[in-house]
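Here's a quick briefing to read alongside the model. It goes from a strand pairing to an aromatic pair and then to a loop residue.

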Amino acid sequence: VGRYYETHTIGEIAADAYVGASGALMGGGAGSSALGRLNTVVRPNKPVWVWGPDAPNRMGQSGAINLNGYWIDTVTEAQRLAFRDNGYLDPFTNRIAAAPSNRPIQVDHIFPVSEIVKLPGFRDLTREQMGAILQDRIGIGNLRPLPSHLNASKGSRVGGDWSAYRGWVLSQDYIDNIDYLQRSVRDRILRHIELLRQADKAGGK
């Protein structure tokens with residue numbers, strides 16, 4: 001294993017595990033039990049992510065996150081269905097491309113969930129408020145379609161850190177665009193958190 005867990009994002013680790021489990025399933029091995037038991041837990045004092053039967057959502061999407069003792073889906077089933085057959089902005093050309101026939105389209109958080117939960121004041125919000133932000137039910141513009149292999153590769157990278165996929169370099173325009181979008185979305189979320197906190201304070205919560 002070496003430094004695998006230190007050098008790979010949670011999304012990449014999950015994707016690798018999914019491929020391995022799927023291979024076992026295809027070969028008639030013990031993949032079904034392996035897939036059912038798959039869990040990924042980050043270090044103490046950080047959010048806990050779980051894929052498998054113990055999580056509200058199954059493997060293959062963003063999963064669910066435990067915040068302040070509450071399980072919160074990061075993407076709703078309706079959002080998955082709405083994004084499923086969409087085209088997407090191709091990271092290699094920075095142009096809209098049709099959904100690939102051999103890769104499922106997933107819901108990508110432009111500004112990653114792992115970064116949202118670290119924003120000042122986020123954990124002071126109610127479960128409903130946190131869920132609304134993570135699922136972008138408030139219309140901030142943080143969700144977009146992306147094929148599963150690219151979504152796993154992007155993981156939780158921010159600030160232009162995602163620049164290549166398996167040696168294939170992304171379009172510089174795309175890199176610059178996602179860097180701008182991430183900063184913009186982050187600022188919008190911070191403003192929304194502050195508005196919620198002010199409203200709660202005014203309401204005596």
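Which residue in β3 does I65 stand opposite? I65 faces I72. Keep in mind that this is a predicted model, where local features need pLDDT of at least 70, side-chain atom pairs count only at pLDDT 80 or more, and totals for chains, interfaces and linings use all residues. Numbering starts from 1 along each chain as its sequence is written, and side-chain values use heavy atoms, with hydrogens and water left out.

**The hairpin**
- Strands β2 (residues 64–67) and β3 (residues 70–73) run antiparallel and are joined by four bridges; two strands pair if DSSP finds at least two bridges between them.
- Helices (H or I, at least four residues) and strands (E, at least two) are DSSP runs, numbered from the N terminus.
- Two residues sit between β2 and β3 in this hairpin, and N68 in the turn has a positive phi of about 55°.

**The aromatic pair**
- W162 and Y174 pair edge-to-face, at 6.1 Å centre to centre with 75° between the planes.
- Rings of Phe, Tyr and Trp (its six-membered ring) pair if their centres lie within 6.5 Å; planes under 30 degrees apart are stacked, over 60 edge-to-face, and the rest tilted.
- W162 is in the loop between α7 (148–154) and β8 (164–165) and Y174 is in helix α8 (residues 172–202), so the pair ties together parts twelve residues apart in sequence.
- W162 is buried at 3% relative accessibility, and Y174 is buried at 0%.
- Buried means under 20% relative accessible area, exposed over 50%, and partly exposed in between (1.4 Å probe, protein chains only).

**S171**
- S171 lies in the loop between β9 (168–169) and α8, and is buried at 14% relative accessible area.
- Leaving aside residues up to four places away in sequence, S171 touches P91, F92, T93 and N94; contact means heavy atoms within 4.5 Å.
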